[in-house]
Amino acid sequence: MLAQARLPSLLPRLCAFAPRLAMSSVTGTFTVQQPLNYRGGARVQPADGGQAEEVYEPATGRVICKLLCSGEKEVDLAVQNAKAAFKIWSQMSGMERSRVLLEAARIIREQREEIATLETINNGKSIFEARVDIDISWQCLEYYAGLAGSLAGEHIQLPGGSFGYTRREPLGVCVGIGAWNYPFQIACWKSAPALACGNAMVFKPSPFTPVSVVRLAEIFTEAGVPKGLFNVVQGGVATGQFLCHHPDVAKISFTGSVPTGIKIMEMAAKGIKPVTLELGGKSPLIIFSDCALENAVNGALMANFLTQGEVCCNGTRVFVERKILDAFTKEVVKRTQKIKVGDPLLEDTRMGALINRPHLDRVQGFIKQAKEQGAQVLCGGDLYVPDDPKLKNGYYMRPCVLGNCKDDMTCVKEEIFGPVMSILPFDTEEEVVERANNTKFGLAGGVFTRDIQKAHRVVAALKAGMCFINNYNVSPVELPFGGYKASGFGRENGRAAIEYYSQLKTVCVEMGDVESVF
């Protein structure tokens, strides 16, 4: 529930922006009445919808809708719609595409509160965080709108007045497959560079969070993209397989787990399709004794407890120099115990509900196993039942800090994807760098120290794609984001993403006669 003073003015706008979508800013009252597929510029039911899957509101455990999974026929219709729209969009100038993306960014910015509320209801994260996600989303569209008009090849002078040039061309129909932790933001991270380069996109959100991405599709249509340029198909594994195998799909961008990423890579290989994979992580956060302690504690909280810990780049292995281990641990535990858990739509809530019951049970299983292996639960880790009776079936737990951790413990090696921090002591820089890199993952890493030379030296040694110095989980759209090793390859955001949504054509022009060797 948003502040009561704002409730009367907000509800009419919520109804206006989504006709026949019964929604409210009060937890436990949201239902979906419209189709959740989007094709050809309109919401549609899938042409061959398979089994219906229940979609839950994490805060209450209520079913908010039943999702019809898209079959092969629906996927083909979405791809063919996108293919037709691509012919129009790809022939527009970069400046024309820029204006449309800017208009979409403006709409998102104006409807920030409504979209953030939608995201919170379907995902479970706090409204405070959801607003930040929506801000990052419209900023992403603005950023790539700025690049769209400047995309160009180069001219190369050759001997005898001959020359060559390159053209940066779109790929065609791209597929985006999103995760449930940042549904709207991930869709923007994938679609903005794709559309800026002249591509079309068919997007499949997670079946756990199908609601907000359809709103993005409507916004793109409202902003002026050709109908069919951004389509949404809903479903699970089978729907994803139909997309990956479709012969008219030119590229696949996936955010999710390592096992699923491996399968997508295998399917893409059969069609020789380029892929971008943003997969899991078990990232190190290194706290040196010369850090600013309060700032390091803030960083550790940011690195572990955003979105209920359901963040792939979280720094969940917190290495603390032994000299400050006790002081750091005491302060982290103190701060963690003050985190307010509960109704994600309340303004002062800082941790909402985990995505669903099976995931909550999985996180609880990791904590139980950690205790069995000798870790000490310093705070949290137990289920939390809010006082509000309508929240009693929600998926809540108290954020957890584990002490006495060892590198070979499961909680230290495996991605938990929940609000669980593992603290590990270290003595030397060389030791901690070696231990930090001793993982199959390589998505992110962080360093807290006042010694800037040491900071740069350590991040240079970390085998991770996204590193932070004296901060954590800061994701400006201007900076590329992606991982090393099992955390995937390819990059989201920044100019680097342009390389993954376009292809170069080289043209060689001879100004004289061809000299034949025959």
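**Surroundings of serine 191**

In this predicted model, serine 191 is in contact with Met201, Leu216, Phe220 and Phe230, leaving aside its neighbours within four places in sequence. Serine 191 belongs to helix α6, which spans residues 183-196. Its relative accessible area is 0%, and because buried means under 20%, serine 191 counts as buried.

**Packing of α3 and α5**

Helix α3 covers residues 94-110 and helix α5 covers residues 127-148. The two pack with their axes 8 Å apart, at an angle of about 165°. Angles over 145 degrees count as roughly antiparallel, and α3 and α5 are therefore roughly antiparallel to each other. Their crossing is left-handed.

On the α3 side, the contact is made by Gly94, Ser98, Leu101, Leu102, Ala104, Ala105, Ile108 and Arg109. These meet Ile134, Trp138, Leu141, Glu142, Tyr144, Ala145, Gly146 and Ala148 of α5. By class, the residues of the contact of α3 with α5 comprise 11 nonpolar, three polar and two charged.

**The sheet β5-β6-β20**

Three strands form an open sheet in the order β5-β6-β20, and the pairing is antiparallel. The edges are held by β5 (155-157) and β20 (502-509); each has a single partner strand, so one side of each is left without a neighbour in the sheet. On average, and with direction ignored, neighbouring strands of this sheet are turned by 20° against each other.

Strand β6 takes in residues 163-170 and runs antiparallel to β5, to which three bridges join it. Opposite glutamine 157 stands phenylalanine 163 in β6.

Note on methods. Residues numbered from 1 in each chain as written. Predicted model: local features only at pLDDT ≥ 70, side-chain atom pairs only at ≥ 80, totals over all residues. Heavy atoms only, no water. Axes fitted to C-alpha atoms, helices over the stretch in contact; angles between N-to-C directions. Helix = DSSP H or I, 4+ residues; strand = E, 2+ residues; numbered from the N terminus. Parallel < 35°, antiparallel > 145°, perpendicular 65-115°, else oblique. Left-handed = near helix turned anticlockwise from the far one by under 90°. Contact = heavy atoms within 4.5 Å. Nonpolar A, V, L, I, M, F, W, Y, C, P; charged D, E, K, R; others polar. Buried < 20%, exposed > 50% of the residue type's maximum accessible area, 1.4 Å probe, protein only. Pairing = 2+ DSSP bridges.
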